[in-house]
Amino acid sequence: MRIAVTGATGVLGQEAVQALVSAGHEVTGITRRDSGIPIVEGRGASAIVADVFSTDDLTRAFRGHEVVLNTLAHVPVGGAGMRPLAWREDDRLHAEASVAIAKAAAEAGVHRLIQESSVYLYPDNGADWITEDQPLSVRNQAFRPRVKEMRAAVDFATAGRSAVILRLGQLFGRDPQTTHALKAVREGDPILLGKPESYVTLLHHSDAGRAFVAALRAGSGFYNVGGEPITRSRWAKDLATEAGARHSAKFYPEITQAIVGTRLEVQRRSLRVSSVRFMNETGWRPTVGPSTPGWSRR
Ligand SMILES: NC(=O)c1ccc[n+]([C@@H]2O[C@H](COP(=O)([O-])OP(=O)(O)OC[C@H]3O[C@@H](n4cnc5c(N)ncnc54)[C@H](OP(=O)(O)O)[C@@H]3O)[C@@H](O)[C@H]2O)c1
């Protein structure tokens, strides 16, 4: 299939491009800068330079493609996420670029849109499982960009088109966020939010890449995508093992956790998310877990 990928030079985008090319697809990576071209070409795709906020630019770039995969994001790394202004670019990408992408894809005659989303939109559900039927917790205006993005994808799925919205677990692997966490563990600094007994649903980047390929086989709808959920105390041990540290990753004290703000509050939620629907629909399975040795170098 001919597939266009937005955010193709990013953490998720590069994994997606590589996995799609390996699966035999003809892939075009979209980047806003000339310096992005070799990154896309290095993963085996061709590159187009386009402005992701311009429906006209995107329509031209998407013509002749059957599928558009949107992986755009700009998530602040580490403590920077406590500052609301640090999320401005990420908000714009979800509220404006994602909407322009869905519109342009429809204009360009694309049949299928695959949209990256997040399990962080679910409410804290303690030790109970979360399926796609769980109502979201998105009342706070901080989540408005993600809601707009979802609506645009749902609107795309009319007139015989399909939209697959993937609610990805917390990414881990070689990325800046995890690298920052591993450094903190080595230095004995606190890095984890939430309670030790709360659940986290993780997703290795390489499994995320394969999930985008699997999404080509899924019917229109919302799907959770993550590995087997684990408690944060387990994650704290796995982080320490991978970092080569003697002590488990430390939790922030409750007094600090109380003031992290809306954006990072989602990382305190207990999210025991089931990906059974996606696995049954597509045959996708996670292959790298937090106890797989060497996961930060894969
Ligand atoms: N579910 C999750 O847990 C989750 C989800 C997403 C990200 N993250 C984490 O967050 C960290 C940062 O990753 P990221 O995906 O946010 O960043 P990223 O990988 O650096 O960004 C993705 C791509 O989006 C494009 N982009 C970024 N800002 C843009 C802007 N203002 N205008 C137009 N295009 C823009 C860039 O492409 P061009 O420059 O080539 O145009 C960039 O390569 C990583 O550690 C990642 O693992 C986690």
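The model is a predicted one.

- Strands of a sheet pair through backbone hydrogen bonds, either parallel or antiparallel.
- Strand S7 (residues 162–168) runs parallel to S12, and 5 bridges join the two.
- In this pairing, Leu-166 of S7 stands opposite Tyr-223 in S12.

**Strand S4 and its two partners**

- Strand S1 (residues 2–6) is joined to S4 by 4 bridges, and the two strands run parallel.
- Val-5 stands opposite Leu-69 in S4.
- S4 is also joined by 4 bridges to strand S5 (residues 112–118), again in a parallel arrangement.
- Here Asn-70 stands opposite Gln-115 in S5.
- In a regular strand, side chains alternate between the two faces of the sheet.
- Strand S4 (residues 67–70) is covered on both faces. Val-67 and Leu-69 are buried on one side, while Val-68 and Asn-70 are buried on the other.

**Buried helical residues**

- Helix H7 (residues 205–214) is largely enclosed by the rest of the structure, because 8 of its 10 residues are buried.
- The buried residues of H7 are His-205, Asp-207, Ala-208, Gly-209, Ala-211, Phe-212, Val-213 and Ala-214.
- Ala-61 belongs to helix H3 (residues 55–62).
- Ala-61 counts as buried because its relative accessibility is 4%, where the limit for buried is under 20%.
- Not counting residues up to four places away in sequence, Ala-61 touches Ile-30, Ile-48 and Ala-50.
- Ala-61 and Arg-161 are separated by 100 residues in sequence, and their C-alpha atoms are 19 Å apart in space.

**Thr-31**

- Thr-31 is part of strand S2 (residues 26–31).
- With a relative accessible area of 4%, Thr-31 is buried.
- When neighbours within four places in sequence are left aside, Thr-31 is in contact with Thr-9, Gly-36, Ile-37, Ile-48, Val-49 and Ala-50.
- Ile-48 and Ala-50 are among the residues that Ala-61 touches, and both are also in contact with Thr-31.

**The ligand site**

- The side chain of Thr-31 has an N or O atom 2.7 Å from an oxygen atom of the ligand.
- An N or O atom in the side chain of Glu-89 is 2.5 Å from a nitrogen atom of the ligand.
- Leu-171 places a backbone N or O atom 3.0 Å from an oxygen atom of the ligand.
- The ligand exposes 900 Å² when taken alone, and the protein buries 88% of that area.

Technical notes: Residues are numbered from 1 along each chain as its sequence is written. This is a predicted model: local features need pLDDT of at least 70, side-chain atom pairs count only at pLDDT 80 or more; totals for chains, interfaces and linings use all residues. Side-chain values use heavy atoms; hydrogens and water are left out. Two strands pair if DSSP finds at least two bridges between them. Buried means under 20% relative accessible area, exposed over 50%, partly exposed in between (1.4 Å probe, protein chains only). Contact means heavy atoms within 4.5 Å. A polar contact is a pair of N or O atoms within 3.5 Å; within protein, one must be able to donate a hydrogen and the other to accept it, and residues adjacent in sequence count only if both atoms are side-chain atoms. Accessible areas come from the Shrake-Rupley method with a 1.4 Å probe; for residues, only the protein chains shown count as cover.
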